[in-house]
Amino acid sequence: MKGKKGPYKVILSEKEVPTSWYNILPDLPAPLPPPLHPVTREPCTPEDLAPLFPMELIKQEVSEEGYIEIPEEVLAIYKLYRPSPLHRAYRLEEELDTPAKIFYKNESFSPPGSHKPNTAIAQAYYNKIEGVKRLTTETGAGQWGSALSLACKFFGLDLKVYMVKVSYEQKPYRRTMMETWGAEVVPSPTDTTNAGRAALADDPANPGSLGIAISEAAEDAVTHEGSKYSLGSVLNHVCLHQTIVGLEAKAQMEKFGEYPDIVIGCVGGGSNYSGLAFPFMQDKLKGKDVRFISAEPVACPTLTKGKYEYDYGDEAATAPIVMMYTLGHKFIPPAIHAGGLRYHGDAPILSLLTNKGYMDAVAYPQTQIFDAAMTFARTEGMIVAPETAHAVKCTIDEALKCKESGESKNILFNLSGHGLLDLGGYGEYLAGNLVD
Ligand SMILES: *Cc1c(COP(=O)(O)O)cnc(C)c1O
């Protein structure tokens with residue numbers, strides 16, 4: 001490739017890091033259906049949620065403030081890895097021979113390698129200032145557990161992580177990462193909670209699932225003094241904290257002198273994509289023409305095949321019932337699936353915007369997302385997380401459509417994390433062992 005005029009990337013200065021998160025709730029085109037109590041099926045009150053979360057996060061969950069100030073202590077830790085760069089993918093464009101301009105926001109430079117610390121740090125902070133001593137959480141492959149381990153270490157909180165058993169056994173490096181940052185990690189289901197014992201009674205060889213691990217972590221928090229529970233995706237306050245990604249991206253696109261026609265992200269529970277998308281969605285809700293596409297696996301096709309209805313957030317049906325796209329709270333993705341994004345539901349806000357037609361969704365089989373990840377690694381260099389590879393696949397498809405139509409659209413996607421601890425999946429792909 002000949003040198004381009006550039007810029008190849010835009011990096012904001014530390015002074016330009018946004019000092020507030022963007023809260024999309026007051027701008028939504030319809031009111032968000034409230035979460036319901038799992039037993040009474042009445043709308044949850046703050047008192048219902050207080051055993052699980054600190055009051056400030058409960059307030060953020062329903063806030064009508066358009067912007068919420070980021071506490072100084074949180075910003076100070078953000079600055080270990082923020083602002084993150086926004087790149088122009090010249091080499092990928094050339095490989096695809098497309099007139100489209102491709103941009104990506106790179107969230108892989110945080111210590112655990114993904115966007116997840118953006119909310120982990122905020123959540124640990126609010127728990128700390130309300131006197132909480134210990135957090136519990138679940139993790140699948142370990143990205144969330146590692147992000148929260150880091151955040152808890154910085155704020156002096158103890159952390160217990162219920163890690164889905166099959167990942168605990170197959171992915172030792174994320175566990176080591178969590179332990180390095182001081183967390184206690186156990187394979188879920190355990191025999192130390194009612195939810196875990198019930199899952200093991202049904203099937204002693206239960207490989208675990210995110211839904212079961214959530215039930216265990218939540219039960220642990222409400223039965224231990226000084227403990228609360230933390231969730232890494234789905235909830236409104238998590239999406240709120242992730243908007244730092246989109247707010248930075250908006251300022252960076254402006255420095256490129258461009259605005260995206262299409263905004264793309266991968267969706268597990270919906271947090272990284274909400275974070276990138278919502279600040280641009282703010283413009284669409286005021287009439288700007290922008291397209292939004294969620295990319296998910298066919299092995300866990302929540303937005304493309306799920307129902308938009310009230311469902312439990314966890315397997316044991318003890319968490320609040322929320323209105324979302326869902327495959328049912330008992331759903332467990334097939335064991336052959338190596339691409340992450342395994343949660344049965346999706347963020348209520350993202351679900352509402354999808355249901356009202358403001359966002360589209362596509363699903364891909366895993367061989368296609370690894371094909372796309374290979375193309376990306378061999379042009380832009382970065383080895384992306386398998387989750388991120390769904391967004392890369394969607395971006396490549398849209399860029400190839402531009403090639404056919406001759407249109408020069410601006411495509412922006414979120415590079416939510418690197419894949420350097422997911423090389424097992426790449427190895428399986430290279431060996432030809434992945435099936436759809
Ligand atoms: C956790 C994770 C995701 C999926 O979670 P969302 O809440 O949908 O963002 C995507 N990419 C990476 C790198 C992750 O670690």
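This briefing describes the domains, sheets, helices and selected residues of one predicted protein model.

The model is predicted, so local features need pLDDT of at least 70 and side-chain atom pairs count only at pLDDT 80 or more, whereas totals for chains, interfaces and linings use all residues. Residues are numbered from 1 along each chain as its sequence is written, and side-chain values use heavy atoms, with hydrogens and water left out. Helices (DSSP runs of H or I, at least four residues) and strands (DSSP runs of E, at least two residues) are numbered from the N terminus.

**Domains**

- The domain assignment gives domain 1 (9-19 + 82-114 + 243-430) and domain 2 (21-69 + 116-229); such bounds come from an automatic or database domain assignment.
- The centres of domain 1 and domain 2, taken over C-alpha atoms, are separated by 22 Å.
- In domain 1, 41 residues are in contact with 40 residues of domain 2, where contact means heavy atoms within 4.5 Å.
- The size of an interface is often given as the accessible area lost when the parts come together.
- Between domain 1 and domain 2 the buried area is about 3,400 Å², and carbon and sulfur atoms give 68% of it; buried area is the accessible area (1.4 Å probe) that two parts lose on being put together, summed over both.

**The sheet of 7 strands**

- This open sheet has the strand order β1-β4-β5-β15-β10-β11-β14, with mixed pairing; two strands pair if DSSP finds at least two bridges between them.
- Its edge strands are β1 (9-10) and β14 (360-364), each of which pairs on one side only.
- Strand β11 (residues 291-297) pairs with β14 in the parallel sense over 5 bridges, and Ser 294 has Ala 361 of β14 as its bridge partner.
- Helix α15 (residues 366-379) packs on the sheet and touches β5 (101-106), β14 and β15 (410-415); its direction makes about 95 degrees with that of β14. Axes are lines fitted to C-alpha atoms, for helices over the stretch in contact, and angles run from 0 to 180 degrees between N-to-C directions.

**Strand β15 within that sheet**

- Buried means under 20% relative accessible area, exposed means over 50%, and partly exposed lies in between (1.4 Å probe, protein chains only).
- Both faces of β15 are covered: Asn 410, Leu 412 and Asn 414 are buried on one side, and Ile 411, Phe 413 and Leu 415 are buried on the other.
- Strands β5 and β15 pair in the parallel sense over 6 bridges, and Phe 413 in β15 is the bridge partner of Tyr 104.
- Strand β10 (residues 262-266) runs parallel to β15 and is joined to it by 3 bridges; Leu 412 in β15 is the bridge partner of Val 263.

**The sheet of 4 strands**

- This open sheet has the strand order β8-β7-β6-β9, with parallel pairing.
- Strands β8 (184-188) and β9 (227-229) stand at the edges with a single partner strand each, so one side of each has no neighbour in the sheet.
- Neighbouring strands of this sheet are turned by 25 degrees against each other on average, direction ignored.
- Strand β7 (residues 158-164) and β8 pair in the parallel sense over 5 bridges, and Pro 187 in β8 is the bridge partner of Met 163.
- Helix α6 (residues 143-155) packs on the sheet, touching β6 (134-139) and β7, and its direction makes about 160 degrees with that of β6.
- Helix α10 (residues 210-222) also packs on the sheet, touching β6, β7, β8 and β9, and its direction makes about 170 degrees with that of β6.

**Helix α14**

- Helix α14 (residues 348-355) is largely enclosed by the rest of the structure, because 7 of its 8 residues are buried.
- Among these buried residues are Pro 348, Ile 349 and Leu 350.
- The elements that cover them include α11 (236-256), α12 (271-285), β11, α13 (302-305), β12 (307-312) and β13 (321-326).
- Just after α14, Gly 357 takes a positive phi of about 90 degrees.

**Leu 341**

- Leu 341 lies in the loop between β13 and α14 and is buried, with a relative accessible area of 10%.
- Not counting residues up to four places away in sequence, Leu 341 touches Cys 266, Val 267, Gly 268, Ala 295, Pro 297, Cys 300, Glu 387 and His 390.

**Cysteines**

- The count of disulfides (pairs of cysteine sulfur atoms within 2.5 Å) is 0.
- Cys 152 is buried at a relative accessible area of 1%, and its sulfur is 20 Å from the closest cysteine sulfur, in Cys 239, which is too far for a bond.
- Cys 239 is also buried, at 1% relative accessibility; its sulfur is 13 Å from the closest cysteine sulfur, in Cys 266, again too far for a bond.
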